[in-house]
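Dear colleague,

Please find the structure below, together with its sequence.

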Amino acid sequence: MPVELPTVDLHRATLANGLRVLIVPDPATPVVGVAVHVDVGFRSEPEGRTGFAHLFEHLMFQGSESLEKLAHFRHVQSSGGVFNGSTHQDYTDYFEILPAAALERALFLEADRLRAPTLSVENLRNQVDVVKEEIRLNVLNRPYGGFPWILLPPVLYDTFPNAHNGYGDFSELEQASLEDAASFFDTFYAPGNAQVTVAGYLDVDETLRLVEKHFGDIPARPTPVRPSFAEPIPGAERRRSVTDAHAPMPALAIGYRLPDPATDLDGYLGHALLGSVLGDGEAARLERGLAQTGLVTDISASAGLMGPLDARDPDTFTITAVHPAEIDADRVLAAVDEELDKLAATGPTADELARQVARWSAGLHQENDRVMYRMLGLGARELLYGRAEIGVELPERLAAVTPAQVQAAAATLRGSGRGVLLVEPS
């Protein structure tokens, strides 16, 4: 049985301007982390402005009310710290890790840009070029670029929020204006639409006082109504082919809809462990049935388009494979379906499931051993689901998942429509 993670001490507060605060003391570490999670991701960006949420993340690093461009970087690095940001389906985060004595510096830096980032035509044009180069590097000039997180959603989903390319289209990025940036900031970066998470070596009362000191005077603004991105599950298989000039071999991705973790966490975790039983480790079903028999050269299965418990509903269960050109894609699909049918009929063995729970538990221990990942995981789940505790409870909840629940997850996949993306070398 996996060992539970240590109990995490969580303290919550809400400032008068609506900003939510989560404080997580950890006397065993000599550092402190500050993260700002903003409730906007690429699913919320305006139609006709694909990639804008990620572009705006870049703009938030270009100076602020009190600091010129690059000053934020110098203050963090001169304190011995690290920093970064990232854009996800439903949120954008900004974070830094510094020695514990630099807590107030970190809070000042994050509050200053949340209050008033420097939005200028020069910064906008410069960052559009930076984002375009990032897309060239990570998608356009790389084998299997955008596979599957960019290419699979438009096969499985119909609506713009769920189906569009969150990295962005070059022509739409180039049309982005300063007015677009100001409107995006005013709408989504209101303090009531954000959450600050502070974790590490700290005193709770003093930390809350400092948060109030630096964030409390940011003027309150109306908070946007969060839309539902729900759409019907496809009733049949949908299929699309794309060519990839850099791919040495064909590939395919299969996408299914996941249960909503906010209303059916146990069902979601059944699917998460199904992904592990199928694709995690040399003894996994797809590894033994497809990779070790030569049908594919690489195969994986996982819950969550950008990782487990990283988005609200709807999200995607994916199976991806790279296969030799002489192996027909339908043969690979049939072999995947055969493994799912076996699991839907009899489920995994108790030992098989226990092995995958142990792998998950070890991964969670490793992830939570670092302040940065622990802080970001707690902050994201607090923002997405209102319960940072989900991350703390995961080892125990995963250990409670039964073979019958994994069996039910496999049956659900086989009984629903799916999206199939075929990547063909040009």
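Which residue caps the N-terminal end of helix 12? The cap is D328, a side-chain oxygen of which lies 2.9 Å from the backbone nitrogen of D330.

Please note that this is a predicted model, in which local features need pLDDT of at least 70 and side-chain atom pairs count only at pLDDT 80 or more, while totals for chains, interfaces and linings use all residues. Residues are numbered from 1 along each chain as its sequence is written, and side-chain values use heavy atoms, with hydrogens and water left out.

Helix 12

Helix 12 spans residues 329-346; helices (H or I, at least four residues) and strands (E, at least two) are DSSP runs, numbered from the N terminus. From first C-alpha to last, its 18 residues reach 26 Å, close to the 26 Å expected at 1.5 Å a residue (the expected span being 1.5 Å times one less than the number of residues). Among its buried residues are V332, L333, V336, L340 and L343, as well as D337 and E339; buried means under 20% relative accessible area, exposed over 50% and partly exposed in between, with a 1.4 Å probe and protein chains only. After the helix comes G347, with a positive phi near 75°.

Domains

The domain assignment, which is automatic or from a database, gives domain 1 (11-215) and domain 2 (237-425). Their C-alpha centres lie 28 Å apart. The contact (heavy atoms within 4.5 Å) takes 45 residues from domain 1 and 50 residues from domain 2. About 3,700 Å² is buried between the two domains, with carbon and sulfur atoms giving 66%; this is the accessible area (1.4 Å probe) that the two parts lose on being put together, summed over both.

Nonpolar cores

A nonpolar core is a set of buried Ala, Val, Leu, Ile, Met, Phe, Trp, Tyr and Cys residues joined through side-chain atoms within 4.5 Å. The largest has 53 residues, and those with the most contacts inside it include L55, F56, L107 and F215. Helix 3 (residues 103-115) contributes the largest share of this core, 6 residues. Apart from it lies another core of 50 residues, including L265 and V357.

H88

H88 is placed in the loop between strand 4 (82-87) and strand 5 (92-99). This histidine counts as buried because its relative accessibility is 12%. Its side chain joins that of S86 through a polar contact of 2.8 Å, and a polar contact of 2.8 Å also joins the side chains of H88 and D310. A polar contact is a pair of N or O atoms within 3.5 Å; within protein, one must be able to donate a hydrogen and the other to accept it, and residues adjacent in sequence count only if both atoms are side-chain atoms.
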